[in-house]
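Please examine the sequence and the structure shown below.

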Amino acid sequence: MYKVSLLLTTYNSAENLPVTLQSIQEQTYSPIEVVIADGGSTDDTISLIQQFARNGGLEVKWVSERDKGLYDAMNKAFCLSTGDIIAVCNDRLSEKDAVASFVEAIEQAGEDCIGAHSDLVYMEGDKIVRSWHMGQGNISQGWMPGHPTLYLKREIYEKYGQYDITYHCAADYEFMVRFLKDGSNRLAYVPRVLITMFYGGTSNAGLKNYLVSFKEGYMALRKNGVKHPLLITLRRTWKVLRQF
């Protein structure tokens, strides 16, 4: 059995954190390790984490200290983790068998499969704001897996490194470009909505942040030696706009 580490990054997250934790607690899969990197919250986040660590029935590791932003917190959580499969989990697992479905997809795809991803939706209250049907594709066509759905074998982090914290909005995209750019690494795809994402995030918080994300996406492609970075970035933008 693969041990799955779910990485959570929190900062004054008392509103959404209980939803995330409940969806993790309801999972049918075992073993799951919950690793939380908190940025020094001043609301009820810490007490919620402590209560979950005591009563959640799962292995929990957590730390609360100032960090250098979201991607630094992700790196901290990874360094605390011990799982065979790693996933960033800051939203809601839509189905009780979500983790089991990701792991099953990886197992069935064979030893050369590095991970799995699925479809997802972005919710604002009870309203679906974005619906992301991922399918399969390649980076050069503007495709990318939805990072909130990405379950990766640990060796990918060990081989390709962690998140580059010099990026403000697109470190997750740059990370994925690193190991997907040449098509040598294969992801399994689960054609179901397994993640419900709280609408927002660094690349969705207004036009200014979206322009920063566009620029950083272009930089990520250039940094990794991908040809035609502007064309690919435009293609990726079009694919994102179609989600709304």
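Strand β6 (residues 113-124) is largely enclosed by the rest of the structure, because eleven of its twelve residues are buried. Buried means under 20% relative accessible area, computed with a 1.4 Å probe on protein chains only. Strands (E, at least two residues) and helices (H or I, at least four) are DSSP runs, numbered from the N terminus. The model is predicted: local features need pLDDT of at least 70, side-chain atom pairs count only at pLDDT 80 or more, and totals for chains, interfaces and linings use all residues. Residues are numbered from 1 along each chain as its sequence is written, and side-chain values use heavy atoms, leaving out hydrogens and water.

Two strands pair if DSSP finds at least two bridges between them. β6 runs parallel to strand β9 (residues 186-198), to which ten bridges join it; there, Tyr-122 has Met-197 of β9 as its bridge partner. Strand β8 (residues 151-153) is antiparallel to β6 and joined to it by two bridges, with Gly-115 opposite Leu-152 of β8.

Strand β7 (residues 127-132) is likewise antiparallel to β6, through five bridges, and Ile-128 of β7 is the bridge partner of Met-123. Two residues separate β6 and β7 in a hairpin, and Gly-125 in its turn has a positive phi of about 70 degrees.

Turning to the helix, α8 (residues 229-241) has buried residues Pro-229, Ile-232, Thr-233, Arg-236, Thr-237 and Val-240. Seen down the axis of α8, these buried residues fall within an arc of 140 degrees, so they line one face of the helix; the arc is that of the directions from the helix axis to the C-beta atoms.

Conventions. Buried means under 20% relative accessible area, exposed over 50%, partly exposed in between (1.4 Å probe, protein chains only).
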